[in-house]
Amino acid sequence: MAVSFGVHTGQQNVSMGGLRQLWRWIDEQGMDWISVWDHFYEAPPVDGTSPHFESLTCMATIAAETERVRIGCLVFCVPYRNPAYLAKSLMTLDHISNGRIEPGLGAGWHQMEFEGFGYGWPSLKTRFEMLEEGTQIIKGMLSQERTSFEGVHYNAINATNEPRPVQEHVPLWIGGRGERKTLRMAAQYADGWNVPYIGPEEFARLSGVLDVRCGEQGRDPATIDRTVNLQFNLSPTEAEAEIARQKLVEQWGDQADRVSEGALQGTPDDAFDRVSMYCDAGAAGVNVALRAPWSEEALAAYINEVVPALREKYGAVEL
């Protein structure tokens, strides 16, 4: 199975001009995927004062600035937007990109921005209810002429979404690591499942749980793609790599051990074997996640040297 290689670009602590230049460059280098995240404040949380850009408008800019890459958000926080409105926005993005979007959906976790932007702080149970209801509305409005849905949190009444998306089928992703709810919803509603910052052994284990959830839904596990986001923490030299490891610990605090398990660390020479472990564990796609500042030299080496070698080993996807 061919593996896709992408870049998940965190739109914080960087200028819009810098992001646009980065997105064009990633596309020109022949990568398969560019995505953003859906936050209003910095992640991991600090104090909400770091410069940060909104996801839908970033996706529109990526669509206009690029020509070939698939474009995603990993993942939209469903409670932040009326799902019918989000479906309308996604249809529009599909037209701007000429049929290249693959949106991801999730329940949200960033309490500071929930409260700061007036969403309160719904319980985890409520956020997952909102995710499930919203997913059904979005899926319907991207695939049907009319959509009706009556839920506890969201409704749609004979809703249309014209013009239809450019793609005959817009792939939807569910993101997260929850074994009971997230993986069940991925098996029931999604075309793909994405998970961030876990080791290859845990990725393989959760992928096996997803197989079980597919069986419970009467679905062939082979019909759902699985991708992973890896924190990009590579450096040009071993000495710089050690400094980068310490910065990761400082940035993530008590979450550092967890994130380190799902990070590319060391030099680009170390990345081939590490990424291969995820591919061998069944990942259909591997995305490196950028948080400014990152090493441009190490990123260029990864994209121009490591990715071609991985494509030679596992095969290149056709866009």
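Rings of Phe, Tyr and Trp (for Trp, its six-membered ring) form a pair when their centres lie within 6.5 Å; planes under 30 degrees apart make the pair stacked, over 60 edge-to-face, and the rest tilted. By this rule, the structure in your viewer has 13 aromatic pairs.

Before you start clicking, note that this is a predicted model, in which local features need pLDDT of at least 70 and side-chain atom pairs count only at pLDDT 80 or more, while totals for chains, interfaces and linings use all residues. Residues are numbered from 1 along each chain as its sequence is written, and side-chain values use heavy atoms, with hydrogens and water left out.

**Stop one: Phe40 and Tyr119.** Select these two rings. Their centres are 6.4 Å apart and their planes meet at 20°, so the pair is stacked. Phe40 belongs to the loop between β2 (33–36) and α2 (55–65), and Tyr119 to the loop between α4 (111–116) and α5 (124–141), 79 residues apart. Here helices (H or I, at least four residues) and strands (E, at least two) are DSSP runs, numbered from the N terminus. Buried or exposed? Residues count as buried under 20% relative accessible area, exposed over 50%, and partly exposed in between (1.4 Å probe, protein chains only). Phe40 is buried at 16% relative accessibility, whereas Tyr119 is partly exposed at 32%.

**Stop two: Tyr41 and Phe117.** Now select this pair, whose ring centres are 5.5 Å apart with planes at 65°, so it is edge-to-face. Tyr41 sits in the loop between β2 and α2 and Phe117 in the loop between α4 and α5, so the pair ties together parts 76 residues apart in sequence. Tyr41 is buried, with a relative accessible area of 18%; Phe117 is partly exposed, at 44%.

**Stop four: Arg127.** A charge sits over a ring if NZ of Lys or CZ of Arg is within 6 Å of the ring centre and within 35 degrees of the ring normal. Show Arg127 and you will find its charged end over the ring of Trp121, 4.2 Å from the centre. Arg127 also lies over the face of Phe114, at 6.0 Å from the ring centre.

**Last stop: the cysteines.** Finish at Cys214, which is buried with a relative accessible area of 0%.
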